[in-house]
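Student: Hi! Could you walk me through this one?
Tutor: Happy to, here it is.
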Amino acid sequence: MFDDATAAAWKIRHGERRGFEDGLWDAQAQNRDGRWVVIARRASKRRNIPGEGMDPLF
């Protein structure tokens with residue numbers, strides 16, 4: 001479960017999870033009473049999303 005929660009948090013932070021594409025979210029995986037949960041909060045500013053605004057090389 002840790003790996004799943006960590007992967008989901010990474011996708012949210014990088015704008016790859018549906019509903020979080022605007023890059024305005026911070027997320028982290030936390031262990032609460034033996035269960036892994038993902039906490040997502042609105043970020044104070046837009047995060048850089050890898051590949052955004054880039055043109056193909058070829």
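Student: Which residues of α1 are buried?
Tutor: Ala5, Ala8, Ala9 and Ile12 are the buried ones in α1. Buried means under 20% relative accessible area, exposed over 50%, and partly exposed in between, with a 1.4 Å probe and protein chains only. Helices (H or I, at least four residues) and strands (E, at least two) are DSSP runs numbered from the N terminus. This is a predicted model, where local features need pLDDT of at least 70 and side-chain atom pairs count only at pLDDT 80 or more, while totals for chains, interfaces and linings use all residues. Residues are numbered from 1 along each chain as its sequence is written, and side-chain values use heavy atoms, leaving out hydrogens and water.
Student: Where do those buried α1 residues sit around the axis, and what covers them?
Tutor: Ala5, Ala8, Ala9 and Ile12 cover an arc of only 100° (from the directions from the helix axis to the C-beta atoms), so they are on the same side of α1. Their cover includes β1 (25–32) and β2 (35–42), counting contact as heavy atoms within 4.5 Å.
Student: New topic: how many salt bridges turn up?
Tutor: The whole-structure search finds 1, where a salt bridge is a side-chain nitrogen of Lys or Arg within 4 Å of a carboxyl oxygen of Asp or Glu. Arg42 and Asp22 are the partners, at 3.3 Å, N to O. Arg42 is in strand β2 and Asp22 in the loop between α1 and β1, 20 residues apart.
Student: Is Asp22 buried, exposed or partly exposed?
Tutor: Asp22 is partly exposed, at 27% relative accessible area.
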